[in-house]
Amino acid sequence: MTSKSVNKPLEPVREPTAWRPDSWQSCPVTQQATYPDKADLDQTLEQLTSLPPLVTSWEVSELKSQLAEAQAGKRFLLQGGDCAETFAECRPEVISNRLKVLLQMSLVLVHGLKIPVVRVGRFAGQYAKPRSADMETRDGVSLPSYRGDLVNGPEFTESARVPDPQRLLRGHARSAMTMNFVRGLIDGGFADLHHPEYWDLSWVDHSPLAVEYQRMVGSIGDAVRFMETIAGRRVGSLQRVDFFTSHEALHLHYEQAQTRKVPRKWGWFNLSTHLPWIGMRTIALDGAHVEYCRGIRNPIGIKVGPGLSSDALLRLLDVLDPDLEPGRITLIHRMGASNIAEHLPPLLKAIRDSGRPVLWVCDPMHGNTEATSNGFKTRRFDNISGELKSAFDIHAHCGTRLGGVHLELTGENVTECLGGARELTETDLERAYKSTVDPRLNYEQSMELAMLIGRRAGDMQ
Ligand code: PEP
Ligand code: CO
């Protein structure tokens, strides 16, 4: 998904010791599905192991070098997409609408920040979900929790909730279809800066934000024409962008089956995605997820919640990044608007004093989830934007840099989060609530947040 496939390798690291793609299997493991038929699972994993990878090691290395630049303050990371992709939503209009939102947001960010944006989708494999309980009970009936389409179905029936290994193959195939379509769009000129109208979403003509956005597009168009007039030619690099993928490295059998060696490079790569991340619930130092991630050469994201101490974070980094490799670690803090002022500063100071290269990213979504009186899981736009604003202030105060944002969003016209320019209310949630897991920002709310970041981050430079 990147044009610059031949990049300088970043090679300061040693091969991890006593690690194999399956060494996680002897560590304590949480958040895994219990398959009723082990032989069936093994057979499916064997097939998955023999299928082509979804990304290449060149792309993974390219992303790592872009993240290294982001750590050095030269880029900003925009990571976004669904909380949980579903097989049913693997449809062209859903994929292209999500791409449109991310492209529009990145345009707004580049305009405000005046530095390149690294675009990473939470897509093409975000099919497995951690759950707070193994079982779900409704009206006295208990069934296994829905763990994402990679594992089982969301319907509350016994047959849907039984983990089915065939879903691993379907998840792999849908990830491949998603990536194939995204690559085709990007390579075909969809992201061309000469044609930002390609990314317009039809239902937003009357958006309260449209005027500001169109003004930005206009001024970028002027800049492009100015540059090309000076250069005396059309600038090719404005016709396409890099796009990378990410998902939570949660289902370890799936991740292991896509972990590969490649010719002329040492070590192992997870080739199911460019940027796997470790979720907050699977962050135990001696746990299977940390063991798995320490051995792969991809850049790694780590979700950092309010329960993690500075000591625990530093020990985690000793294991996951023993060589202080540029681009290796992205720390995604998700504290909640009311917790961030207390919990973030000690972590920032500890990492700053350790001299470790990390990219700090704010996820203002996962610490701000609440239930409404009419039974919806939602998030308030004010809490999301409030956490983000606090994050900028706290980083500035600690002498660190907020280098990115991690969001749950969609290009669909959903009503899942409250507030925003259109002031969505609890009653609006009944109209278009589609997420199977967490509530996402819709197009307008996403753009509003991008404008806020563009303004804030621009002010700080
Ligand atoms: C998520 O990103 O969807 C998620 C579950 O996040 P966290 O691990 O931060 O709770
Ligand atoms: Co989520």
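I began with two helices, and α1 and α5 are roughly parallel to each other, because their axes cross at roughly 20 degrees and angles under 35 degrees count as roughly parallel. I note here that this is a predicted model.

**Entry 1: α1 and α5**

I looked up where the two helices sit. Helix α1 covers residues 38–50, and helix α5 covers residues 166–187. Their axes come within 8 Å. Next I listed who touches whom. From α1 I wrote down Leu-41, Thr-44, Leu-45, Gln-47 and Leu-48. They meet Gln-166, Leu-168, Leu-169 and His-172 in α5. I sorted these residues by class. Five are nonpolar, four are polar and none is charged.

**Entry 2: α3 and α6**

I moved on to helix α3, residues 92–113, and helix α6, residues 210–231. These axes come within 10 Å and cross at roughly 65 degrees. That makes α3 roughly perpendicular to α6. I checked the hand of the crossing too, and it is left-handed. On the α3 side I found Gln-104, Leu-107, Val-108 and His-111. On the α6 side I found Tyr-213, Met-216, Val-217, Ser-219 and Ile-220. The contact of α3 with α6 has six nonpolar residues, three polar ones and no charged ones.

**Entry 3: α10 and α11**

Here I took helix α10, residues 340–354, with helix α11, residues 381–398. The axes come within 10 Å and cross at roughly 40 degrees. The two helices are therefore oblique to each other. I recorded this crossing as right-handed. From α10, the contact uses Ile-340, Ala-341, Leu-344, Pro-345, Leu-348, Lys-349 and Arg-352. From α11, it uses Glu-387, Ser-390, Ala-391, Ile-394, His-395 and Cys-398. I sorted the residues of α10 with α11 into eight nonpolar, two polar and three charged.

**Entry 4: ligand 1**

I then turned to the ligand. Which residues surround ligand 1? I wrote down Cys-83, Arg-122, Lys-129, Pro-130, Trp-277, Gly-279, Met-280, Arg-281, Lys-303, Arg-334, His-366 and Glu-408.

I looked up some distances to oxygen atoms of ligand 1. A side-chain N or O atom of Lys-129 is 2.7 Å from an oxygen atom of the ligand. For Arg-334, a side-chain N or O atom is 2.6 Å from a ligand oxygen atom. What part of Met-280 lies 2.8 Å from an oxygen atom of ligand 1? I found that a backbone N or O atom of Met-280 does.

Conventions. Residues numbered from 1 in each chain as written. Chains lettered and ligands numbered in written order. Predicted model: local features only at pLDDT ≥ 70, side-chain atom pairs only at ≥ 80, totals over all residues. Heavy atoms only, no water. Axes fitted to C-alpha atoms, helices over the stretch in contact; angles between N-to-C directions. Helix = DSSP H or I, 4+ residues; strand = E, 2+ residues; numbered from the N terminus. Parallel < 35°, antiparallel > 145°, perpendicular 65-115°, else oblique. Left-handed = near helix turned anticlockwise from the far one by under 90°. Contact = heavy atoms within 4.5 Å. Nonpolar A, V, L, I, M, F, W, Y, C, P; charged D, E, K, R; others polar. Near = heavy atom within 4 Å. Polar contact = N/O pair within 3.5 Å; in protein donor to acceptor, adjacent residues only side chain to side chain.
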